[in-house]
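Morning, everyone. Please have a look at the structure on the screen. I'll talk about charged side chains.

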Amino acid sequence: MKRRLADSHHCPLGNYDNVQYNLKIKIGNRCGDAAEDQEFQVIPDTGSSDLWIPASNCTHCKSGTAKFKLKQSCSAKELGDRITFRYGDGTVATGGSFLDSVKIGDLTVDNQFLIQVDEMESDTHMKSDGILGLAHHYVSDGGSHGKTFMSTLFEEHKHLPHQFSFYLTGKSDGSSSLIF
């Protein structure tokens with residue numbers, strides 16, 4: 001019997017061979033002729049703090065990934081700062097920063113700091129479009145990044161307890177979840 005707290009929000013996770021879990025997020029608010037939401041599969045990562053997705057002009061981004069089109073979001077506010085980050089597997093990415101709304105499950109945040117990656121210096125083995133960093137900023141980040149997703153989530157949804165958890169089943173049927 002599963003116990004579900006009234007103030008918890010379950011976000012379904014996809015499972016790739018029990019190695020990489022991913023979740024669907026929607027970024028921005030449609031405007032003009034944009035026919036569909038901009039949806040991405042991202043890896044929830046407890047070891048990093050940035051939320052990034054591939055830009056429409058990304059070089060060396062994995063083929064077949066969803067690409068973000070800034071002009072198709074009426075809520076996007078380009079910040080212009082260039083950000084470069086490195087991961088332990090050797091992946092190096094660079095992109096431009098912006099603010100926009102992000103929807104995960106039934107939760108939406110309105111002013112989330114994001115990076116649209118336009119340059120990857122190495123091939124990635126990710127089975128997703130981008131990364132949703134769930135960690136806090138580290139001193140080594142230099143303080144140049146905007147607010148993390150977790151900071152924005154708890155600032156805009158004050159009723160939520162400041163915690164999250166994973167429920168991992170090891171099944172590929174989507175029964176795993178990230179819970180806020």
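What follows is a quick tour of the salt bridges in this predicted model.

Start with the general idea. Side chains with opposite charges can pair when their charged atoms come close.

First up, K26 and D37. Their side chains form a salt bridge, at 3.4 Å from N to O. Where do the two sit? K26 is in strand β2, residues 20–27. D37 is in the loop between β2 and β3. They are eleven residues apart, and the pair links distant parts of the chain.

Next, R82 and D118. This salt bridge has an N to O distance of 2.7 Å. R82 lies in strand β5, residues 77–86, and D118 lies in strand β7, residues 107–120. The pair therefore ties together parts that are 36 residues apart in sequence.

Why do we call D118 buried? Its relative accessible area is 17%, and buried means under 20%.

Now K147 and E155. They form a salt bridge too, and their closest N and O atoms are 2.4 Å apart. K147 is partly exposed, at 43% relative accessibility. E155 is partly exposed, at 41%.

One last point, on shared partners.

How values were computed: Residues are numbered from 1 along each chain as its sequence is written. This is a predicted model: local features need pLDDT of at least 70, side-chain atom pairs count only at pLDDT 80 or more; totals for chains, interfaces and linings use all residues. Side-chain values use heavy atoms; hydrogens and water are left out. A salt bridge is a side-chain nitrogen of Lys or Arg within 4 Å of a carboxyl oxygen of Asp or Glu. Helices (H or I, at least four residues) and strands (E, at least two) are DSSP runs, numbered from the N terminus. Buried means under 20% relative accessible area, exposed over 50%, partly exposed in between (1.4 Å probe, protein chains only).
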